[in-house]
Amino acid sequence: MTSSIVDTNAPVSAQALPFERLLKMLYEMHLIRAFEEAAEQQYFAGKVHGTMHLYIGEEATAVGCIAALEPGDQITSTHRGHGHAIAKGQDVREMMAELLAKRTGVCRGLGGSMHMADVELGNLGANGIVAGGMGSAVGAALSAHLLKTGRMVMCFFGDGAVSNGNFHETLNLASIWKLPVVFVCENNQYAMSMPAREAIPVRVADRAAAYAMPGVQVDGMDVLAVYQAAKAAVDRARAGQGPSLVEVLTYRYKGHSRSDKQVYRSKEEVKAWQARDAIIRFEAHLIQQGVLTRAQADDIRNRAIRDIEEAVAFADASPEPDPAELLNEVYYEEPANRTDPAMRGIMLRTSAPINARPLPTWFTRTFAQHAGSEPPPGERELTGSEALREAMAQAMEAAPNVILIGEDIGKYGGAFGVTLGLYDRFGPERVRDTPISENAIAGVSFGAGMTGLVPIAEFQFQDFVTLAMEQIVLQAAKVRYMFGGRTICQMVVRLPAGSGTGAAAQHSESLESWFVNVPGLKVVAPSTPYDMKGLLLAAISDQNPIIFVEHKLLYRVKGPVPELPYVVPIGKAAVRRAGRHVTIVGASIAMPRALEAAAQLAGEGIECEVIDLRTLKPYDLHTIMQSVKKTGRLLIAHEAPLIGGYGAEIAAAIAQSEAFAYLEAPIVRLGGADVPIPYNRTLERAATPQTEDIAEAARRLARLQI
Amino acid sequence: MAVPIIMPKFEMAQESGTIARWLKQVGDPVSKGEAVLEVETDKITMEVESPADGVLAQVLAEPGARVPIGQPIAYLAAAGEPTAAPSPASQPASAPAGRPPKATPIAQKLAAEHGIDLSQVTGTGRDGQVTRQDVEAFIARHKAHPQADQAKVAAVPAARRMANELGVDLSHVAGSGPGGRVQSSDVARAAAAQREASTQRPVPAHSAPASAAPAMVETPEVKGQRTPTVRRTLPLSGMRRTIAQRMSQSVREAPQFNLSVDVDMSRALAIIEDWRAAQAEGQPRMTLTALLVKTCAWALQRHPALNAGFKDEAIIEWSDINIGVAVAVDEGLIVPVIHHADRLSLLEIAARLNDVSARGRAGQLQLADVQGGTFTLSNLGMFAVDRFTAIVNPPQAAILAVGRAAKRIVPDDQGQTRVAPIATLTVSADHRVVDGAQVGRFLSDLQRGLERPGLLL
């Protein structure tokens, strides 16, 4: 049996709290309601660009729960997040300005109603994705745990989230890792129109049993009962006993969003809940307890209304963002780059020569002794795996906040053995094996990367990143921008990619182009052991989420690798071989193949210039342009499918550049066939461009037969 | 005041002419009526006369350049006048004529007046028919953008850039790339040729600036390649262009069929021998071709259905019998016409053949020599060719291909074998005009006429 409404006539639960705390809670509840009512009026007045999800009716949840936290604690919020933000102490003027899309808004007008998070204040995210903030809550709790900050994380989510995989993956992880997090299910009875009683076959609180944590259900129209339940959960977590689940039974008086006609519920039902209004009950309780008089209660309400009126005036008077600043907050920029006009805004296509870029500040801060940027390769040879492992080990050695997270990366050493030995060296706290929970791996990394850790997440196969697209694409990539550039997300996602191992269709994909299309992500695809180490250290040092693509066939390839830490700049290509007849551009596994093809063609009198992009976003258009101007012929090769592939971007960029006027022949692209990778060895080879394919295309291009 | 010399029009269907050579150089005095240059058309080479007295002030087109009718190709200055003439818009190249599009009569007339190739005009009328408005719009557009046609030359971006930098007209550059695409190396060669030419005479209006050629991308010398190396690429001359166009048109449009007959040439050859034995020095040399022309004329008199053509969706039977004879020359072949062959004696025919062959090889044929054919003869009997089929020469309906007379064993009337010179004659005919039976009857008479030449008398 599920119950939706608890005893309607019970008085609120008395709590032994100081009067000023109680009055502050009452003021916050009024402030939330006044904000939401004013927000609705702004919407009616046509001043709100998008929609909004109003919190009216649920004030006791945010206020009661957050009253149980210390100021330094953190929360994650939802699409219906105005109340959480106000209860956390955010400035209502900044919030109203954000709602009206003003430059003075908490997110500088970039986020809007669904993303009013003030990260510095401890609100890690109002989130437009149901259950989307749960991974970051666990990630933040992991930061608190490993960095020993003593912080708590309170994770708000709705009843809709309970049916999402994130709920199960994150409660499970938080429980097995005993993290200081309180999960608050704000059960307002409907996920948009879907009634909770139809969507969830048990009480939400009962689901806690599956994750071996306490689960309680509490009347959300009784702010002190909510406080009491939350306090118990917080105290338990702070004592190191792990997470709890608190189900708060509450109700939204308004529709899901502004376009909701509310056909799924009756007016009587709404009235029945309004009769138990949490503010009225709390006021009555406080008057009855002699804490305040009616007149004082009215004063508190009027003060809240006045504060909101002032917030509206502030928002109205504020300027809109300047379109010239459109791109400013997509990526974290090194301070040195921010002051250099040529470097202002990340250069996704670097058509200017890459000057000596300053080393990442994190890198220089972390490594007392290092070899700088692109040092001479030296004599020592490592395999690709060893180079990656050394990069991670050196980062972990120098910075205690660098951690590894993934499936079977511990004692097992990772699906391809890349992390072998790191578990023994750095222990289970920093080399964290996870259950099969890809979205949670990404989500925890995202939350940890926002809160002081530098997580390196490993996916067993790039294919499996499809199970984590929500946390990578909708959360990690966008969080900085949505929050007006007021946070970073320093994380690396390592993806073993590509075919050639006979692993067939679900373990052989090359999906890197997908991520190139996501603003906020950088995509790195090294081809040599030297670059694997240097680019991984650059990726770890970069305070943006990085997709790090590792072709499986390159793990065993040997090459010289300097011993000290060093970086290879992200966004800089390498000319692997100079030539004058044909330019071959590629990255990752296409490189050794292109180089082998170039060596063959040299015997035929054809000199190929081979350019290793190394990073797909940002990418080094300048180097390609210079080469094409010399050779007049461009061949682009990649293993990922040809249609819509990354090569199309390069081809189009060259066709649009000044190098176009130097072309002697059509630009030629080679890419994977439009086929799932087959198991059969011959078919598997045929599905992607091999050395002979590159050689033949380059040969024909050189002879102007294309 | 500068007087322009324009590319003149010599023939009805002519759209452009190719500069063969300049007989006068810049700075030379010329008098009115004096030949200034030679122009090669699809069929002949003509002299262009000066329209006025003066000095050749400026030459706008180099030998080999193809210039549309009506475009200035040179300027004359009055004696003593400075020789700088106004720089004209550079000539749009006339693109090779494709399949002639449908056009309204008014549009055709207008296009002819302006020397416009109708295949270059986009038709907006019914079924894509070109209307008067289309032609007018085309004229207006090309006045506004005389360079527009340059864009239609297939050239890679690098070649365009270099052509622009070096002032090379891409329409005059032969492409060595796939499908005749112009590469930058082609432009560089053309520029070098321009420079070389310009060192020998004052600088023409659009020759290369003095700067060195920009870096050209190099094509590797390839070892062990699988495709043949190009020895040379020859831009189509007027004659080859005409052959290419007309033969392609014939094969594309005319459904052709072939009928052959073996002919005992004993008596025909005997007659030629008799003539040769009897001929005095200085008389025209008698040839089997002359006899073949005579016999064809005789047979065509009896079969007017083959002295016919296909034009504008109609069959035309001509009353004149004008037999074109394919003559090989260095660059290809020309087809001088023996007009009214049915009214000429064998000796007259031989005389005319001697004359046109000689002038044809010397490039001195006049327009009248090659116009008006109604039937064509191609004799390859002087080579080791036993039999062959020819391609109908439109708008004519038929062509006769004659192989060599080779000794073969044949049965005689008594069923005994004998040796006789036998030639295979093959008629290719346009089935839109004639059918197999008609050609069969024609072939029978041809055979009869050649085997019994007395009938021709």
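Author: In this predicted model, 19 residues of chain B are in contact with 25 residues of chain A, contact meaning heavy atoms within 4.5 Å. The area buried between chain B and chain A is about 1,700 Å², with carbon and sulfur atoms giving 49% of it; buried area is the accessible area (1.4 Å probe) that two parts lose on being put together, summed over both. Between chain B and chain A the count of salt bridges is 0, a salt bridge being a side-chain nitrogen of Lys or Arg within 4 Å of a carboxyl oxygen of Asp or Glu. Across the interface of chain B and chain A, 7 residue pairs are in polar contact, both residues at pLDDT 80 or more. A polar contact is a pair of N or O atoms within 3.5 Å; within protein, one must be able to donate a hydrogen and the other to accept it, and residues adjacent in sequence count only if both atoms are side-chain atoms. On the side of chain B that touches chain A, helix α3 (residues 157–166) of chain B gives the most, with 3 residues; helices are DSSP runs (H or I, at least four residues), numbered from the N terminus. The residues of that side comprise 7 nonpolar, 6 polar and 6 charged, where Ala, Val, Leu, Ile, Met, Phe, Trp, Tyr, Cys and Pro count as nonpolar, Asp, Glu, Lys and Arg as charged, and the others, Gly among them, as polar.

As to conventions, residues are numbered from 1 along each chain as its sequence is written, and chains are lettered from A in the order in which they are written. Local features need pLDDT of at least 70, side-chain atom pairs count only at pLDDT 80 or more, and totals for chains, interfaces and linings use all residues, while side-chain values use heavy atoms, with hydrogens and water left out.

Methods: Helices (H or I, at least four residues) and strands (E, at least two) are DSSP runs, numbered from the N terminus.
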